[in-house]
Amino acid sequence: MKGMKQNQYQTTRRNRWGMVGVSAAIMLGLVVVASLVLNLENEPAVSDIPVAQQGVGENTPPTAQAGHDPVTIPKIELPGESNVKADMIGLVVYQGNIYTQTGTQITPEIAKQLRGDKLGRSKSGITEWSSSDDYTELASTIGEMDIFTVKGYDADFRIMSYMEHDGEVYAELYEHLNGITVTKGEDIIGKLNLMGNMTSVKWQDFDSWNMGENKQHKLSGDAAVQAFVEALYEAKPVAAEPLFEQGIYETGAGEQKFLYIQLQDGTEVQLRLFKGGQYVRYANAPVFFQLEDEAFTTLWKLMEE
């Protein structure tokens with residue numbers, strides 16, 4: 001990966017805070033989404049904002065399977081009645097599926113370049129009081145934004161909210177990561193187009209991430225990174241819920257690190273690594289990926305040097 005570049009990205013999520021005053025309706029949506037960001041990055045914390053039930057029937061978690069058996073991520077089910085307490089994430093409804101906030105960042109400039117075909121305009125109004133009747137096409141928690149496809153990515157997987165105001169671009173990616181069966185890492189990670197498209201990799205330790213210090217370090221060792229990604233594509237899926245119950249998020253600071261992979265198209269994929277068990281998690285999908293020991297350990301050691 002010669003020619004790696006270090007780029008400092010100000011996420012579009014941050015840019016949203018610059019939208020204060022655009023409109024009351026849009027601001028309401030952004031406030032909701034912003035509150036959800038904390039949930040995504042600190043799971044399994046439960047939000048007080050109930051909207052979408054995830055799981056089959058009574059919020060059934062995906063089933064952990066031995067070996068390389070598949071993990072089924074149930075389709076996010078809509079609440080049957082209003083004011084149902086449940087986990088809440090930023091979302092957009094598109095073609096009957098729920099697209100949720102992602103672990104991939106995109107700058108306004110890159111969003112403008114990757115903006116594809118317009119799919120419509122999202123509607124505001126999804127709140128803790130919403131019922132299934134409110135989850136119509138393009139209903140959302142983000143207010144009114146134009147929704148587009150993303151060049152280079154399947155619309156069945158990823159879409160983009162996009163708005164320009166006073167010369168500023170506000171955009172965010174949303175992904176369909178439910179209602180699928182995962183047999184190995186490639187089933188989700190492969191959709192991110194990592195293989196052959198990485199231009200640079202950075203990492204951050206838990207304390208820096210937890211304190212919002214943004215102390216990221218360039219990761220050298222191209223061969224180790226390549227081996228890690230290849231292992232990630234072949235990694236064993238493990239259902240998230242049992243790992244939550246075992247306290248995987250309560251492990252010490254030395255047990256978790258964050259990886260930021262810059263791609264040629266300008267997007268930045270964020271992965272969370274857990275030393276114990278050699279697990280990797282992407283976004284809020286309720287599944288972890290367990291890598292073979294050598295690829296994971298070799299990369300981990302590079303982040304300790």
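Two strands count as paired if DSSP finds at least two bridges between them. Strands (E, at least two residues) and helices (H or I, at least four) are DSSP runs, numbered from the N terminus. The structure described here is a predicted model, in which local features need pLDDT of at least 70, side-chain atom pairs count only at pLDDT 80 or more, and totals for chains, interfaces and linings use all residues. Residues are numbered from 1 along each chain as its sequence is written, and side-chain values use heavy atoms, with hydrogens and water left out.

**Overall composition**

- The protein contains 18 strands and eight helices.
- Of its 305 residues, 53% are buried, where buried means under 20% relative accessible area, exposed means over 50%, and partly exposed lies in between (1.4 Å probe, protein chains only).
- Among contacts (heavy atoms within 4.5 Å) with a separation of 6 or more, 71% come from residues 24 or more positions apart.
- The accessible surface of the protein is about 13,200 Å², and carbon and sulfur atoms account for 48% of that surface; the areas come from the Shrake-Rupley method with a 1.4 Å probe, and for residues only the protein chains shown count as cover.

- Six strands form an open sheet in the order 4-5-10-9-8-7, and their pairing is antiparallel.
- Its edges are strand 4 (91-94) and strand 7 (115-121), each of which pairs on one side only.
- From one strand to the next, the twist averages 35°; axes are lines fitted to C-alpha atoms, for helices over the stretch in contact, and angles run from 0 to 180 degrees between N-to-C directions.
- In general, the strands of a sheet pair through backbone hydrogen bonds, either parallel or antiparallel.

**Strand 8 and its neighbours**

- Strand 8 is largely enclosed by the rest of the structure, because five of its five residues are buried.
- Strand 8 (residues 146-150) pairs with strand 9 (residues 158-165) in the antiparallel sense over four bridges.
- Asp-146 has Tyr-162 in strand 9 as its bridge partner, and Phe-148 has Met-160 in strand 9.
- Strand 7 is also joined to strand 8 by four bridges, and these two strands run antiparallel.
- The bridge partner of Arg-115 is Val-150 in strand 8.

**The surroundings of Val-238**

- Val-238 belongs to strand 14 (residues 236-239) and is buried, with a relative accessible area of 14%.
- Leaving aside residues up to four places away in sequence, Val-238 touches Val-71, Leu-243, Tyr-279, Val-287, Phe-288 and Gln-290.
- Val-238 and Pro-70 are 168 residues apart in sequence, while their C-alpha atoms are 8.4 Å apart in space.
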